[in-house]
Amino acid sequence: MGVGLAEARENLMEATAYDDIQPIHPEPTSFWRRYVFSMDHKVIAKQFLWAGLLFLLVGGALAMMIRWQWAYPGRAVPLIGSIFLRGQGGAIGPATYMTVFTMHGLIMIFFAITPILIGAFGNYCIPLMIGARDMAFPFLNMASFWTFAISLVLVICSFFGQLGAAGAGWTTYPPLSTNIGTPGSGQTFMVAAIFVTGVSTIMGGINYVTTVIRHRAPGMTWMRMPLTVWGLWLTAVLNVLFVPVLGSAALLLFLDRVFGTQFFIAGAASVRGGGDPILFQHLFWIFGHPEVYILILPAWGIVNDLLSFFARKPANWYRGSVYAMCTVTVMSAIVYGHHMFMTGMNPMLGQSFMLLTLIISVPAEILFLNWLRTIWNGSIRTEPPMLFALGMVFVFGMGGLTGLYLGATATDIYLHDTMFVVGHFHLTMAAASFFGSLAAIYHWFPKMFGRKMNPRLSKLHFWWTIVFMTLLFTGQLIAGYAGQNRRLYNPYEYDFLKHLLPLNRYTSWSAFILMAGQFVFVWNFIHSLVAGEKAEANPWQVGTLEWTIPSPPPHHNYDVIPAVLRGPHEFANPEVREKLGRDWIGQSEELAGSEPGAAAAVARA
Amino acid sequence: MSTPVAASVLRYRPPQARKDATAWLGMVVFLASWTMMFAALFAAYAALRLRVEQWPPADLPRLPLVLPLANTLAIAASSVAIQAGLRAARQGRQAAVLPAVAAALALGAIFVGGQVALWTGLWRAGLRPDGGPFPSVFYALTVFHALHVLVGLGGLAWAVVRAARLAFGPARHLGLRLWTGYWHFVLAMWLLLYVTVFLL
């Protein structure tokens with residue numbers, strides 16, 4: 001409509017250059033703008049990584065305290081006890097024990113795994129892997145991190161709260177989490193922290209969703225995106241839609257605690273009929289079930305890519321993996337009732353949720369088979385990222401299988417609220433996303449910091465972790481199957497659990513050794529950061545876009561926005577081997593004498 | 001080469017429009033997210049209400065109907081006004097933007113004033129947040145909504161300053177467009193709230 005030819009031609013020039021759409025930000029020069037209040041997605045990613053790793057250590061230390069209590073109930077805790085538990089003679093009292101497992105769960109989920117997988121690798125990988133210069137909204141990205149920092153302050157405040165930290169379990173169920181069950185400011189601080197970190201997550205989610213939709217490089221179609229980006233994008237969609245539900249649950253609980261409203265109050269403290277504690281469970285799990293996929297989808301995507309990269313084979317049935325992840329994303333919203341089988345839910349409704357829950361394992365199995373077929377007959381390179389990816393496949397497989405017993409109502413009624421549940425969700429959510437995070441750290445460390453990690457220490461870390469983590473969580477499964485309830489202060493006060501003391505002690509020692517092994521990683525990480533071997537641009541010889549630029553990347557990532565010609569897993573292509581003499585080709589690399597897309601066609605044939 | 005290109009060129013929009021579309025998409029994603037937040041609050045309201053036999057309880061003061069209706073009209077008129085301002089900016093009638101946006105701001109402020117009058121009246125009559133599920137729902141939903149109105153008023157105040165400098169034109173009105181979208185969202189939430197909390 002009235003576009004002159006000259007103007008049209010000018011538009012086209014701009015369209016192909018893509019530079020006006022993604023301008024090169026001037027690089028900040030002052031210290032504060034560069035390292036602290038930075039709008040650069042790579043710096044923000046590192047900020048999230050440091051915060052997440054720090055709180056992972058805190059959460060790990062809390063886990064050790066729980067395990068100590070179960071191995072040696074009432075005995076003084078070595079090291080930690082003499083510093084933090086002086087008032088109780090170094091031992092963990094019942095009230096302190098409540099705060100320990102509560103803070104362990106909340107910190108691990110919201111302040112360790114979420115910032116590492118989503119905050120750090122979402123920020124780092126999305127713009128680099130889709131060929132963008134930055135996120136769509138850099139300022140919002142910075143605000144997201146600093147909002148998260150405020151929530152960390154609230155978590156720390158909670159530890160110093162009157163009557164101790166939050167103590168109502170990570171699920172924060174009322175009436176236990178109301179003023180009647182858990183008085184004191186520690187719980188209130190933690191409820192506020194959940195709300196604030198939710199706001200931060202939503203800010204990040206808006207950025208990720210928009211960036212992937214709008215800022216993909218030319219030629220980077222949806223079906224050429226690395227699966228890492230798919231996983232992170234679907235996670236962002238779930239975050240944007242379901243974290244607000246948790247936000248409103250936390251908000252209403254906060255109002256109940258601070259302003260005396262009656263949303264979740266029941267029993268003697270209620271006024272005019274009071275509220276409904278079960279309502280909180282509904283709101284919590286409408287968020288909570290998508291949340292477990294929020295934590296695992298990025299790991300799925302990362303692992304799917306890494307298995308292909310280090311087996312030197314294209315990922316098996318890429319589209320199937322994409323569709324499976326999308327199906328899981330949609331279905332994750334309609335299975336939450338399986339967390340509430342024992343709340344007096346109508347058995348018909350329970351059966352419906354059971355059916356949906358068992359159906360959602362089908363796409364997960366498609367993914368799993370794709371992973372196995374990707375490494376089948378591959379030329380596997382047992383580099384550290386690959387080992388951790390394979391470790392994730394192993395622990396997630398075990399976690400998935402144990403999940404079937406909890407999804408089916410008949411077995412769940414027996415296993416409900418036992419250590420079996422704890423073992424199951426630690427294998428799927430904790431171990432699998434932990435292995436996914438470590439695979440990502442080992443894989444992208446050279447790109448992030450420009451140095452390589454020590455491969456021997458990395459492999460030592462892997463074998464140490466996989467052995468003792470498996471022993472730890474299978475120990476929990478066995479204790480749960482034997483009937484041990486979760487969260488018991490001293491299980492051996494019950495006659496029928498007395499004989500489980502040796503089992504729990506052995507499980508606890510697996511945990512202590514596992515924790516000790518993590519210092520191999522801490523040392524390796526810090527030492528490599530300072531004195532590691534300098535990394536070249538593409539140390540793993542893979543084709544995704546971020547490896548075409550120097551390590552670490554310049555401030556604006558790409559001098560020229562790359563034009564993408566093919567998918568992310570172009571390995572073992574005979575034509576490429578013939579012309580370039582190597583088994584991989586970059587996503588934006590032109591292959592002389594062949595049309596774009598021809599290479600992919602050859603690979604399929 | 002020239003023929004296949006021409007078609008794509010005509011469809012191609014210049015970079016500023018693309019940037020605007022990106023920002024607008026971000027706003028839509030944000031509002032989708034916030035819709036879930038309000039949906040959860042309304043769900044909580046429904047769950048509490050379905051449990052009790054009598055709603056509202058007979059021994060608590062009744063919610064007035066006239067003042068909230070006036071408020072509804074004020075915030076609806078405010079939404080219409082800001083839409084008129086956006087329309088004027090798009091059509092290049094720059095002088096018409098300021099009065100429209102200023103009217104939207106004033107009407108929004110009237111809404112907040114009306115809400116404060118509503119709360120103080122009910123508070124004096126004895127309706128307190130700790131008086132059971134009914135006042136809990138009433139205060140939580142209306143105050144949470146009013147906080148969104150206050151944020152919107154901040155945005156509108158910014159838009160008034162910009163409009164006074166004739167900063168909004170056919171090509172550049174992104175900020176006004178985003179705040180308009182937000183303002184319509186706040187109106188939509190109020191209409192739901194008005195029907196469910198006051199009328200039903």
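The model is predicted, so local features need pLDDT of at least 70, side-chain atom pairs count only at pLDDT 80 or more, and totals for chains, interfaces and linings use all residues. Residues are numbered from 1 along each chain as its sequence is written, while chains are lettered from A and ligands numbered from 1 in the order in which they are written.

**A helix pair in chain A**
- Helix H6 (residues 138-159) and helix H7 (residues 185-214) of chain A have axes that come within 8 Å and cross at roughly 165 degrees.
- That angle makes H6(A) roughly antiparallel to H7(A) (angles over 145 degrees count as such).
- Where H6(A) meets H7(A), the contact residues are 15 nonpolar, 10 polar and no charged; Ala, Val, Leu, Ile, Met, Phe, Trp, Tyr, Cys and Pro count as nonpolar, Asp, Glu, Lys and Arg as charged, and the others, Gly among them, as polar.

**A buried leucine in chain B**
- Leu156(B) sits in helix H5 (residues 133-164) of chain B.
- Leu156(B) counts as buried because it has 29 C-beta neighbours inside 10 Å (20 or more others within 10 Å are needed).
- The C-alpha atoms of Leu156(B) and Leu105(B) are separated by 5.8 Å, although the two residues are 51 residues apart along the chain.

**Where the chains meet**
- The contact takes 39 residues from chain A and 33 residues from chain B (residues are in contact if their C-beta atoms, placed from the backbone, lie within 7 Å).
- H8(A) gives the most to chain A's side, with 11 residues.
- That side of chain A divides into 24 nonpolar, 10 polar and five charged residues.

Methods:
Axes are lines fitted to C-alpha atoms, for helices over the stretch in contact, and angles run from 0 to 180 degrees between N-to-C directions. Helices (H or I, at least four residues) and strands (E, at least two) are DSSP runs, numbered from the N terminus. Angles under 35 degrees count as roughly parallel, over 145 as roughly antiparallel, 65 to 115 as roughly perpendicular and the rest as oblique. A residue is buried if 20 or more other C-beta atoms lie within 10 Å of its own, exposed if 12 or fewer, and partly exposed in between; C-beta atoms are placed from the backbone. Two residues are in contact if their C-beta atoms, placed from the backbone, lie within 7 Å.
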